[in-house]
Amino acid sequence: MADVTMTRTRWLWHPLTATAVVAGVAVAAMTAAATGAGSWSVAAVWLAIGGVAGYATSGST
Amino acid sequence: MIAGTLLQAPLPGWSRVALVAAALVAVTLREFGVVSFRLPENRRLVPDTVFRLGRFLGPFQFGLEMGTGIRTYVPSGLPYVTAIGIALLASPVAGIVTGLGFGLGRSLMTVSNVRYGGDGDWDFAWIDNAKIIGKVLLAILTAALAVVAWRLLS
C-alpha cells in the first residue's frame with residue numbers, strides 16, 4: 001500500500017513540480033512588488049531570487 | 001555586505017542596474033550556448049571522510065562546504081548574477097533574505113530528491129528536463145531583477 005501511495009504522489013516531488021513551485025512563489029512576490037505593495041514585497045522578491053539561484057544549482061549534487 | 005555597501009555608494013542607481021543587466025545578458029548568452037566562458041568554481045566534491053565527524057558535525061560540514069561553494073560544482077550561472085545583483089542593488093537585509101532564499105531553494109531540491117525516491121531517479125529526471133527548467137529559472141530571475149530594478153529607480 002505504501003508503494004502505491006508513493007507512486008501516486010511521486011509527481012509532487014518531480015523536478016518540474018519543484019520548478020513550478022519556485023516559479024509560482026516568485027511570480028506572486030513579483031506581482032505584489034510590481035503593484036506597489038510595501039517594502040516587504042521587495043524583500044519577498046529577493047527571497048525568490050535567492051530561491052531561484054539556489055534551486056538552479058540542483059545539478060551540482 | 002560591507003563590500004556591497006562600498007560598491008553601491010559611489011554609483012548612481014541606473015549604472016548599478018546597467019551593470020547587473022550586463023551580467024545577466026552575459027550569463028543568458030552562456031546558458032543558451034552562444035558564448036562560452038568559465039565561471040569561478042572549486043571543482044571538487046566534498047569527500048565522504050567528513051562524515052567521520054559524527055551524525056551532526058559530519059552533515060553540517062558537508063552542507064557548509066557545499067552550500068557556501070567552498071567545494072562544489074556550480075552548473076548554473078544564475079548564482080553569479082544573483083551575487084552581483086546583491087552587491088549592487090540589495091540592502092544588507094535584502095542580502096540576508098536572499099541568502100535565506102538560496103538555502104530554501106537548495107533545500108527544496110534535497111527534499112524533493114529524497115521524497116521522489118529511487119536511486120538517482122530525481123537526478124535523471126532533472127537531467128531529462130534540464131533545458132526547460134534552466135530556461136524557466138532564467139526567465140524568472142530576469143523578471144525578478146527587473147522588478148527590483150524598477151522599484152529601485154522609481
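User: Is His14(A) buried or exposed, and what makes it count that way?

Analyst: Happy to start there! This is a predicted model, in which local features need pLDDT of at least 70 and side-chain atom pairs count only at pLDDT 80 or more, while totals for chains, interfaces and linings use all residues. Residues are numbered from 1 along each chain as its sequence is written, chains are lettered from A and ligands numbered from 1 in the order in which they are written, and side-chain values use heavy atoms, with hydrogens and water left out. Buried means under 20% relative accessible area, exposed means over 50%, and partly exposed is in between (1.4 Å probe, protein chains only). His14(A) has 17% relative accessibility, so His14(A) counts as buried.

User: Where is His14(A) found, and which residues is His14(A) in contact with?

Analyst: His14(A) sits in the loop between helix 1 and helix 2 of chain A. Contact means heavy atoms within 4.5 Å. Neighbours within four places in sequence aside, the contacts of His14(A) are Tyr116(B), Trp122(B), Ala125(B) and Asn129(B).

User: What makes Asp121(B) and Arg10(A) a salt bridge?

Analyst: A salt bridge is a side-chain nitrogen of Lys or Arg within 4 Å of a carboxyl oxygen of Asp or Glu. The side chains of Asp121(B) and Arg10(A) meet at 2.6 Å, N to O. Asp121(B) belongs to helix 6 (residues 121-128) of chain B and Arg10(A) to the loop between helix 1 (2-9) and helix 2 (15-34) of chain A, so the pair joins two chains. Over all chains, the structure holds 1 salt bridge.

User: Why are Asp121(B) and Arg10(A) called partly exposed?

Analyst: Asp121(B) has 29% relative accessibility, so Asp121(B) counts as partly exposed. Arg10(A), with a relative accessible area of 25%, is partly exposed too. Leu104(B), in helix 5 (residues 92-116) of chain B, also counts as partly exposed, at 48%.

User: How many helices and strands are there in chain A and in chain B?

Analyst: Helices (H or I, at least four residues) and strands (E, at least two) are DSSP runs, numbered from the N terminus. Chain A has 3 helices and 0 strands, and chain B has 7 helices and 0 strands. Buried residues make up 48% of the 61 residues in chain A and 36% of the 154 residues of chain B.

User: Why are helix 2 of chain B and helix 4 of chain B called roughly antiparallel?

Analyst: Two packed helices are described by the angle between their axes and the distance between the axes. Axes are lines fitted to C-alpha atoms, for helices over the stretch in contact, and angles run from 0 to 180 degrees between N-to-C directions. Angles under 35 degrees count as roughly parallel, over 145 as roughly antiparallel, 65 to 115 as roughly perpendicular and the rest as oblique. Helix 2 (residues 13-31) and helix 4 (residues 78-89) of chain B pack at about 175°, with axes 9 Å apart. Helix 2 and helix 4 of chain B are therefore roughly antiparallel to each other.

User: Which residues of helix 2 of chain B meet helix 4 of chain B, and what about Arg16(B) and salt bridges?

Analyst: On the helix 2 side of chain B, the residues include Arg16(B), Val20(B) and Val27(B); those they meet in helix 4 of chain B include Leu78(B), Ile84(B) and Leu89(B). Arg16(B) is buried yet has no salt bridge, and the nearest side chain of opposite charge, Glu31(B), is 24 Å away. For charge, Lys and Arg count as positive and Asp and Glu as negative, with His and the chain ends not counted.
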